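Keep the structure open beside you as you read.

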Amino acid sequence: MTCFHQALTSFTRLLFDGAMGTMLQSRGLKPGENPEVFCLANPDILQGIHKEYIKAGADVLTTGSFGGTRFKLQAGTSIREFNRLMAGAARAAAADAGRPVFVAGSIGPTGKFLRPLGELSFEEMVTAFQEQIRGLLEGGIDLVLAETQFDIAEARAIVLAARRECGLPVAVSMTYEAGVTLTGSDVAVCTATLANMGVDLIGMNCSAGPVEMRAAVAELLLSSPVPVLVEPNAGLPSLENGHTVFPLSPAEFAVLTSAFAGDGVQVVGGCCGTTPEHIAALRRELEALPALGPRPVFSGVALTSRSQVVRIGAGQALRIIGERINPTGKKRLNAELPMGEFGEALRLADEQIAHGAHILDVNVGAPMVDEGLRLPELVSRLVSRCSLPLALDSSDMGAVEKALPEYPASPLVNSVNGEAGRMEYLGSLCRDYGAPFILLPLRGKELPVKAAERIAIVEDMLRQMEDLRIPRFLALVDALALAVSSSPGAAGECLECIRYCTTILKLPTVCGLSNISFGLPAREMVNAGFLSMAAAVGLSACIANPGSARIAETVKTADLLLGHDEGAAIFISEYSGWKDSGAAGGEGRPPSGSGQHPGDGVLPSGKDRMIGPQSIEEALIAGREEDTLHWVRVALEEGADPFLLVGERLIPAITDVGARYERKEYFLPQLIRSAEAMQAAFAMLRPLLAEDSRDLSHPVVVLATVEGDIHDIGKNIVSLMLGNHGFKVVDLGKDVSAADVVEAAVSHNAELIGLSALMTTTMVRMRDTVDLLQRRKIDKKVMVGGAVVTEDFARSIGAHYARDAVDAVRLARQLTTKPM
């Protein structure tokens, strides 16, 4: 255990330093100048800043390595040497402190998206972070700090890279806007995912001041089972006389931020706009606070997708793991999977989601299927399509290993059994990737018929987990439901196993429900009856067909009766139209295939759900590229005018997507998926549009990230959205000079210039383009945007402000002469 880890586990309050960028600007960093290059050229300035923060009372220094990956450093810079020097500067300052001061190796976002949102593979990103971490380790860091992260998938890559390179503590700090990251993950999702990976310190920084962070910090304290870090900005910035100004004084910042510490936040510090004076004031406030104590935490299993968290365990609703994506007995699935076709698998996913599944089990184990190829492919497709957590179901450990990097959060692995070497290999993978797993009490060729046999295997596997440092909170025990047709005592033994695991081992349980009724008639009736009994003794989840009416009714009734449906809200919503059929015995039996069972309530016909989008609009809004293309083909076959398809159907649909994004109903992944579906539809229609004699001219927009700034994610999304709304986009890329922007605008006869900047040090370069246009008397409108840009700033330089990609489309329509 490291000294930093000891400080965390002893509930010692710790104080991080403040902003590095703010201090570098005050020491000579010019607007648009690369901070990493400046730090390399001015090591004395860098070390002096560290010493100022030590004098202010900081316990932890953050290295000047925020942009220290191959994706951000200038060509020719040694990644390892740069990071070694940055860590060494902080280490040298800490060595002279005369008291214990820790050094956190700062790792910022790459500015790239992982597949399927971008082109980068997970392994490529992990490798890049490993390069950076090696240098930081050589420089003498005490912990790895991933900060200002906006994508949970990238944060996972940093954690995995750190685990591969060292045993130091790992801290991850996400950045949120209104409690949600750029890629649509809320505080609960990020926290559960990072906790599953064994992160030692989970936090948030940047994007907001302490006032704006209050709600998100409260959620973080409720969600995190480990110590919490909070580093606010010194308020929201504004531009005054050409300079970025943060409004909170040291005293104001200290009072507001120390309130988080009083609520239970163990580690605090400052982000943009904070100085040694802010940190010194915060130190004084912290010293007046009472000692910290432990916080209550959830002890069950937490599964996450990019946008949802599903908790399994004590006090939680009974969860259904949808079993239908499994080739057993499914001819179409067996035919498609060997060919790498996933239409049926995706249809089954949609169907189970519509029927209320909480998790989707994904199994591709059919004859002639290369699971190591097809399981990752299908997982990637499902991640792009649905928001539910997935269960990776395969007996091929290599296939699971290949699928884990394709998943952006914490999937369930089905399963890890007691066979020799399985826990060592697959269990360790689950530990490193933060993937909970089904612990299957099977060992050898004989099934453990008695509960005592199963429990003995479970306890032995738990000892293995402890030896391998695999946390117990990743384990979900399969209680083994065996067929009562061949073993009359099977149900009782399974119930005893559930009871023991729940009450004695304090572990959540699951079972494959259909096994219990194998070989019997009226199987759904048996399954439902057993499920009621199992829920009563503590069963947490079942692997079942969520389309079974009996199962759905049993789950909702069990949740109601066991107190997991507050105010009976879900039950009333689902069954308020239920009527007693009056059937008894064999009388009143509904027709075969009706979907009802003797004695079932009769639900309104509206209960039947249509599976899959049924129009161009529905498909595009859902971000379903294949379905969008299908309905475009149908419309063309029916004689639709290609121009009207674009103007009256596709454009309104993508506009609806934009409106949902603005209302925070959709987030970046949904926006990108719909935009890509729109692109595909345009590509299909383009030849038909070109054959038409009608005017095909489009207003031209030149886009660029300003000189000195290498962040282009936001600009790329704006480019995609403008293209989908009929603009011709000339994308100049990132780090583009004002002269090049103006030259491109003139040569392409652009009506509009769009400029992006992420950093306060570079947004001032936007004025360069506006000034150059004015000096050359060129009449071009300019719109600006980016994380640090405000409407006041845009107005002050004579530009128009777009707050996001959707707003940029609206603004471009207003500012050009031929809006679509």
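## The second largest cavity

Which helices each supply at least two residues of the lining of the second largest cavity? They are helix 27 (738–747) and helix 29 (766–775). Please keep in mind that you are looking at a predicted model.

The space in this second largest cavity is about 50 Å³. Its lining is made up of Val 706, Glu 707, Val 736, Ser 737, Ala 738, Val 741, Leu 755, Arg 765, Asp 768 and Thr 769. Sorted by class, the lining of the second largest cavity has five nonpolar, two polar and three charged residues.

Counting cavities of 30 Å³ or more gives two. The largest cavity has a volume of about 90 Å³. Its lining has 13 residues, and Leu 114, Arg 115, Phe 122, Pro 405 and Glu 406 are the ones nearest the centre. Eight residues of the lining of the largest cavity are nonpolar, one is polar and four are charged.

You will find Pro 116 in the loop between strand 3 (102–107) and helix 6 (122–139).

## The second largest pocket

Turning to pockets, the second largest pocket has a volume of about 880 Å³. It is lined by 34 residues, and those nearest its centre are Glu 323, Gly 512, Ser 514, Asn 515 and Ile 543. Strand 13 (319–325), strand 16 (412–417), helix 19 (523–536) and strand 20 (541–544) are the elements that give two or more residues to this lining. By class, the lining of the second largest pocket divides into eleven nonpolar, 14 polar and nine charged residues.

Strand 16 also holds Ser 415. A cis peptide bond joins Asn 414 and Ser 415, and omega there is about 15°.

## Helix 9 with helix 10

Helix 9 (residues 210–223) packs with helix 10 (residues 250–263) at an angle of about 10°, and their axes are 10 Å apart. Angles under 35 degrees count as roughly parallel, so helix 9 is roughly parallel to helix 10. Their crossing is right-handed.

On the helix 9 side, the contact is made by Pro 210, Val 211, Met 213, Arg 214, Val 217 and Leu 221, while helix 10 brings Leu 256, Thr 257, Phe 260 and Asp 263. In this contact of helix 9 with helix 10, seven residues are nonpolar, one is polar and two are charged.

## Helix 23 with helix 25

How do the axes of helix 23 and helix 25 lie, and at what angle do they cross? The axes of helix 23 (residues 625–637) and helix 25 (residues 668–691) come within 8 Å, crossing at roughly 30°. These two helices are therefore roughly parallel to each other, and the crossing of helix 23 and helix 25 is right-handed.

Helix 23 makes the contact through Glu 625, Thr 628, Leu 629, Val 632, Arg 633 and Leu 636, and helix 25 through Glu 676, Ala 677, Ala 680, Ala 681, Met 684, Leu 685 and Leu 688. The contact of helix 23 with helix 25 has nine nonpolar residues, one polar and three charged.

## A positive phi

One more backbone detail is at Met 368, which is not a glycine but has a positive phi of about 70°. Look for Met 368 in the loop between strand 14 (359–362) and helix 14 (371–385).

How values were computed: Residues are numbered from 1 along each chain as its sequence is written. This is a predicted model: local features need pLDDT of at least 70, side-chain atom pairs count only at pLDDT 80 or more; totals for chains, interfaces and linings use all residues. Side-chain values use heavy atoms; hydrogens and water are left out. On a 1 Å grid over the protein atoms alone, a cavity is a set of points where a 1.4 Å probe fits but cannot get out, and a pocket is an open set with protein on both sides within 12 Å along at least five of seven lines; lining residues have an atom within 4 Å of a point. Grid points are joined across faces, edges and corners, and a volume is the space filled by probe spheres set on the points. Ala, Val, Leu, Ile, Met, Phe, Trp, Tyr, Cys and Pro count as nonpolar, Asp, Glu, Lys and Arg as charged, and the others, Gly among them, as polar. Helices (H or I, at least four residues) and strands (E, at least two) are DSSP runs, numbered from the N terminus. Axes are lines fitted to C-alpha atoms, for helices over the stretch in contact, and angles run from 0 to 180 degrees between N-to-C directions. Angles under 35 degrees count as roughly parallel, over 145 as roughly antiparallel, 65 to 115 as roughly perpendicular and the rest as oblique. A crossing is left-handed if the near helix is turned anticlockwise from the far one by less than a right angle, and right-handed if clockwise. Contact means heavy atoms within 4.5 Å.
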